[in-house]
Amino acid sequence: MSKKSAIIHSLMALFNLVVAQIIASFWYSFNWGAVSSLLFAATYLAVVFYLLDQFLKRYSQRTLASFGITKFKVAPTWLWIAFILPVGVLALLYFALPGHFYSNGFSTWEKFSTLIEAIFATGLAVGIVEETIFRGIIMHAIEEASGRNWAIFLPSFLFGCLHLLNGRLNLTSALLLVIGGTLVGVMFSLITYASGSIWASALTHGIWNMLVIGGLVSFGTTKDPYAISGYLFENENLILTGGEFGVEVSLFAILGFLCVSLFCLYLQKKKE
């Protein structure tokens with residue numbers, strides 16, 4: 001694949017993601033709680049896979065499978081890693097940083113809706129879509145055009161930078177976000193290569209989103225009104241807590257990303 005074609009594939013993949021997200025978000029306008037979340041997740045996945053499939057067939061006569069987007073299959077090892085990573089990071093945050101728990105007093109329906117949102121929308125749908133785009137289409141296109149090293153770094157750096165669009169951050173928090181976002185992207189890329197498809201990274205991404213930012217238990221320096229409950233840090237050190245973006249780019253999360261990345265490199269070395 002030429003570099004020009006790799007750029008076209010990457011831009012079209014990102015465009016498809018945005019279009020699918022806009023279409024799927026329509027369901028939230030009805031404010032149906034858990035039902036809106038389920039419809040969002042189903043629509044988001046269906047539209048993304050349909051648009052990508054049509055683009056690949058018409059532009060490059062390729063299949064989704066040729067970009068690592070195969071039938072779902074995940075070895076038990078990756079399922080363990082998918083849970084151990086977020087649980088381990090949250091446990092370290094709890095034991096290392098003093099704080100206290102709080103509850104937002106949600107009703108039973110609000111708790112159920114938040115749980116469904118965390119599992120199916122924030123978790124599985126977003127995890128699968130983002131890994132399909134970044135570790136599926138973009139990473140494989142760049143690898144064919146420029147080699148594996150660039151394929152690991154460039155989509156990961158882009159992944160980190162795009163999260164800057166989530167809101168205005170001070171300089172330190174923005175730098176933490178780019179560093180943490182790039183490192184988690186590198187980790188997802190290495191998981192994809194070590195496992196042979198996007199599904200292990202999609203599962204890891206989805207479960208991370210579900211447990212860390214899904215609103216079940218929110219860890220941070222300010223109360224999260226959209227979470228069922230939370231743990232409020234007394235320490236506001238930006239490096240330890242992740243600053244304005246949150247614990248996803250904290251020192252503890254970055255250590256978790258590095259540990260999983262080293263494990264993936266170990267597995268790759270064993271194969272050689």
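**Asparagine 31**

I started with asparagine 31, which is exposed, with a relative accessible area of 67%. For the cut-offs, I took buried as under 20% relative accessible area, exposed as over 50%, and partly exposed as in between, using a 1.4 Å probe and protein chains only. Asparagine 31 sits in the loop between helix 1 and helix 2. I looked up its phi too: asparagine 31 is not a glycine, yet the angle is positive, about 55°.

A note on the source: this is a predicted model, where local features need pLDDT of at least 70 and side-chain atom pairs count only at pLDDT 80 or more, while totals for chains, interfaces and linings use all residues. Residues are numbered from 1 along each chain as its sequence is written, and side-chain values use heavy atoms, with hydrogens and water left out.

**Glutamine 61**

Glutamine 61 lies in the loop between helix 2 and helix 3. Its phi is also positive, about 50°, although glutamine 61 is not a glycine. Buried or exposed? Glutamine 61 is exposed, at a relative accessible area of 60%.

**Helices 1 and 2**

I checked lengths here. The expected span of a helix is 1.5 Å times one less than its number of residues. Helix 1 covers residues 3–25, and its 23 residues should span 33 Å; I found its end C-alpha atoms 33 Å apart, which agrees. Helix 2, with 27 residues, reaches 39 Å from its first C-alpha to its last, close to the 39 Å expected.

Which residues of helix 1 are buried? I listed Ser5, Ala6, His9, Ser10, Ala13, Asn16, Leu17, Ala20 and Ala24. These buried residues pack against helix 2 (34–60) and helix 4 (108–146). Contact here means heavy atoms within 4.5 Å.

**Alanine 145**

I followed helix 4 to alanine 145. Alanine 145 is partly exposed, with a relative accessible area of 22%. Leaving aside neighbours within four places in sequence, alanine 145 is in contact with Met1, Ser2, Lys3 and Ala6. Alanine 145 and lysine 4 are 141 residues apart in sequence, but 8.6 Å apart in space, C-alpha to C-alpha.

**Alanine 82**

Then helix 3 (residues 76–96), where I looked up alanine 82. Alanine 82 is buried, with a relative accessible area of 0%. What does alanine 82 contact, leaving aside its neighbours within four places in sequence? I noted Leu203, Thr204 and Ile207.

**Whole chain**

I finished with the overall picture. The protein has nine helices and three strands, where helices (H or I, at least four residues) and strands (E, at least two) are DSSP runs, numbered from the N terminus. The order along the sequence is α-α-α-β-α-α-α-α-β-β-α-α.

Of the 272 residues, 49% count as buried. Among contacts between residues at least 6 apart in sequence, 75% join residues at least 24 apart. The C-alpha trace spans about 55 × 45 × 40 Å along its principal axes. I put the accessible surface at about 13400 Å², with 68% of it belonging to carbon and sulfur atoms; the areas come from the Shrake-Rupley method with a 1.4 Å probe, and for residues only the protein chains shown count as cover.
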